[in-house]
Amino acid sequence: MAARRTDGMKRALTVGLVVATVLTTALTTWLGLGLHDQREADQRRQDILAAARQSALNFTSLDYRHYDRDSANVLKSATGDFKKQFAAQTEQLTELVAENRSVSQGQVLEAGIVRSDEHSARVLVVADSKVTNTAVPKGEARTYRLRLDLVQRDDRWLTSDVEFVG
């Protein structure tokens, strides 16, 4: 009878260890997947903010001496209607910037995501720039509050809309 009790205790212990192992494995897998999802979401947020910051910097940093390069930088990070509108105005802007000898040196102060999903985002950006031109040769500081809409295309975040906000 003692042998049966010992065999029963061994079976119960074995079953208990198997159940504990299965539960531990399931919990570890669940936590690992959650951590992976969190890392992906964090990386997406970082990518969105980096793209928005660069786009705002490109948009607020323009120099009449190499406006072709500067406007090309804006267009490289643009898509959709924003890209079409900016491209359509480039010739007129090139003349205006050259005529006024305009130089704007932008600096992004803050950026924050308003909303985002896997394929789109809205970001608010605060940027300063020092602007010099024929009207203000010593320069003046300007602060911009921009709302940028971004979309993901071919693993890149591109600006699809820019709006000045108050």
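## A nonpolar patch on the surface

A surface patch is built from residues with over 30% relative accessible area and no salt bridge, and nonpolar side chains are joined into a patch when they lie within 5 Å. With that in mind, look at Val15, Val19 and Leu23 in this predicted model. Together these residues form a nonpolar patch on the surface, with about 280 Å² of accessible area.

Is Arg45 buried, partly exposed or exposed? Its relative accessibility is 35%, so Arg45 counts as partly exposed, since that class lies between the 20% and 50% limits.

Now pick out Asp7 as well: Arg45 and Asp7 are 38 residues apart along the chain, and their C-alpha atoms are separated by 57 Å. Which residues does Arg45 touch, once those up to four places away in sequence are set aside? The answer is Gln38 and Ile113.

## Asp70 and its neighbours

Next, move to helix α2, residues 67-76, where Asp70 is found. Asp70 has a relative accessible area of 5%, so this residue is buried. Leaving out residues up to four places away in sequence, Asp70 touches Ser61, Leu62 and Asp63. With Asp63 there is a polar detail to look for: a polar atom of the Asp70 side chain lies 2.8 Å from the backbone nitrogen of Asp63.

Asp70 also forms a salt bridge with Arg69, and the closest N and O atoms of that pair are 3.2 Å apart. The two partners fall into separate classes, because Asp70 is buried at 5% while Arg69 is partly exposed at 49%.

## Salt bridges

How many salt bridges does the model contain? The count comes to eight. One of them joins Arg65 and Asp63, with the closest N and O atoms 2.7 Å apart. Arg65 is exposed, with a relative accessible area of 57%, whereas Asp63 has 9% and is therefore buried.

Another salt bridge brings together the side chains of Asp149 and Arg147, at 3.7 Å from N to O. Here both Asp149 and Arg147 are buried.

## Aromatic rings

Finally, turn to the aromatic side chains. The structure holds five aromatic pairs. In one of them, the rings of Tyr144 and Phe164 have centres 6.0 Å apart and planes at 50 degrees, so the pair is tilted. The angle places it there because stacked planes are under 30 degrees apart and edge-to-face planes over 60.

Why does this pair tie together parts that are 20 residues apart in sequence? Tyr144 sits in strand β4 (residues 140-153) and Phe164 in strand β5 (residues 156-164), so the pair links those two parts. Tyr144 has 18% relative accessibility and therefore counts as buried, as the limit for that class is under 20%. Both rings also belong to one aromatic cluster, formed by Phe59, Phe82, Phe86, Tyr144 and Phe164.

Technical notes. Residues numbered from 1 in each chain as written. Predicted model: local features only at pLDDT ≥ 70, side-chain atom pairs only at ≥ 80, totals over all residues. Heavy atoms only, no water. Patch = residues over 30% accessible without salt bridge, like charges linked within 9 Å, V, L, I, M, F, W, Y side chains within 5 Å. Areas by Shrake-Rupley, 256 points an atom, 1.4 Å probe, with all protein chains shown as cover. Salt bridge = Lys/Arg side-chain N within 4 Å of Asp/Glu carboxyl O. Phe/Tyr/Trp six-rings, centres within 6.5 Å; stacked < 30°, edge-to-face > 60°. Helix = DSSP H or I, 4+ residues; strand = E, 2+ residues; numbered from the N terminus. Buried < 20%, exposed > 50% of the residue type's maximum accessible area, 1.4 Å probe, protein only. Contact = heavy atoms within 4.5 Å. Polar contact = N/O pair within 3.5 Å; in protein donor to acceptor, adjacent residues only side chain to side chain.
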